[in-house]
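Student: I'd like to learn how to read helix packing and pockets in a model like this one. Can we go through it together?

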Amino acid sequence: MSTSTTSPAQVDPPAPADAPAYKWRWIVLGTVLVAEIMDLVDATIVNIAAPSIRAELGGSEAALQWMLAGYTLAFAIGLISFGRLGDLVGRRRLFVIGAVGFTVASAICGLATSPEMLIGSRVAQGLLGAVMIPQGFGLFTIQGVVGA
């Protein structure tokens with residue numbers, strides 16, 4: 001005769017079979033994926049365009065390195081903190097703030113007239129990407145896009 005050592009608190013409750021799917025799940029998925037791809041492309045595009053950027057804006061080799069690394073540094077510094085902030089104040093709100101801010105910072109990068117302006121806007125892009133990216137991943141599970 002064997003006894004069960006599993007207590008009722010350790011057993012996951014069954015998922016309701018008739019739970020309705022979130023009706024906007026495909027729009028949420030598409031929006032988040034576009035934002036994630038936009039961030040990924042932006043993180044790598046300056047590496048490809050670096051010679052043209054330097055020829056157009058000038059600047060030293062150190063300025064070029066800051067253009068490349070400023071984004072990644074700001075992104076890495078803010079990623080965990082902004083992910084937690086999304087847990088506290090709402091993922092949807094921070095996702096929208098991050099996406100709009102990232103788009104504005106991207107426009108400023110495109111309009112940059114000096115290496116310093118480009119470096120500053122790249123750092124802003126990195127921070128706003130760190131606001132946007134973790135919220136997108138969190139929205140997948142909250143909105144029911146990814147099944148459990």
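Student: How do the axes of helix α2 and α3 cross?

Tutor: Some ground rules before that. This is a predicted model, where local features need pLDDT of at least 70, side-chain atom pairs count only at pLDDT 80 or more, and totals for chains, interfaces and linings use all residues. Residues are numbered from 1 along each chain as its sequence is written, and side-chain values use heavy atoms, with hydrogens and water left out. Helices are DSSP runs of H or I with at least four residues, numbered from the N terminus. An axis is a line fitted to C-alpha atoms over the stretch in contact, and angles run from 0 to 180 degrees between N-to-C directions. Here, the axes of α2 (residues 61-89) and α3 cross at roughly 150° and come within 9 Å.

Student: What does that make α2 and α3 to each other?

Tutor: Under 35 degrees counts as roughly parallel, over 145 as roughly antiparallel, 65 to 115 as roughly perpendicular, and the rest as oblique. So α2 and α3 are roughly antiparallel.

Student: Which residues of α2 and α3 meet?

Tutor: Contact means heavy atoms within 4.5 Å. From α2 you get Y71, F82, L85, G86, D87 and V89, meeting R91, R93, L94 and F102 of α3.

Student: And at what angle do the axes of α1 and α2 cross?

Tutor: Roughly 175°, with the axes coming within 10 Å. That makes α1 roughly antiparallel to α2. Among the residues in contact are V46, A50 and I53 of α1 and L64, L68 and F75 of α2. For classes, Ala, Val, Leu, Ile, Met, Phe, Trp, Tyr, Cys and Pro count as nonpolar, Asp, Glu, Lys and Arg as charged, and the others, Gly among them, as polar. This contact has nine nonpolar, one polar and four charged residues.

Student: At what angle do α1 and α3 pack?

Tutor: About 40°, with the axes of α1 (residues 25-57) and α3 (residues 91-110) 12 Å apart. That makes α1 oblique to α3. The α1 residues T31, V32, A35, M38, D39 and D42 meet F95, F102, T103 and S106 in α3. By class, that's five nonpolar, three polar and two charged residues.

Student: Which element gives the largest share of the lining of the largest pocket?

Tutor: A pocket is an open set of points on a 1 Å grid over the protein atoms alone, where a 1.4 Å probe fits, with protein on both sides within 12 Å along at least five of seven lines; lining residues have an atom within 4 Å of a point. In this model α1 gives the largest share, six residues. The lining has 13 residues, with I53, C109, G110, A112 and L118 nearest the pocket's centre.

How values were computed:
Helices (H or I, at least four residues) and strands (E, at least two) are DSSP runs, numbered from the N terminus.
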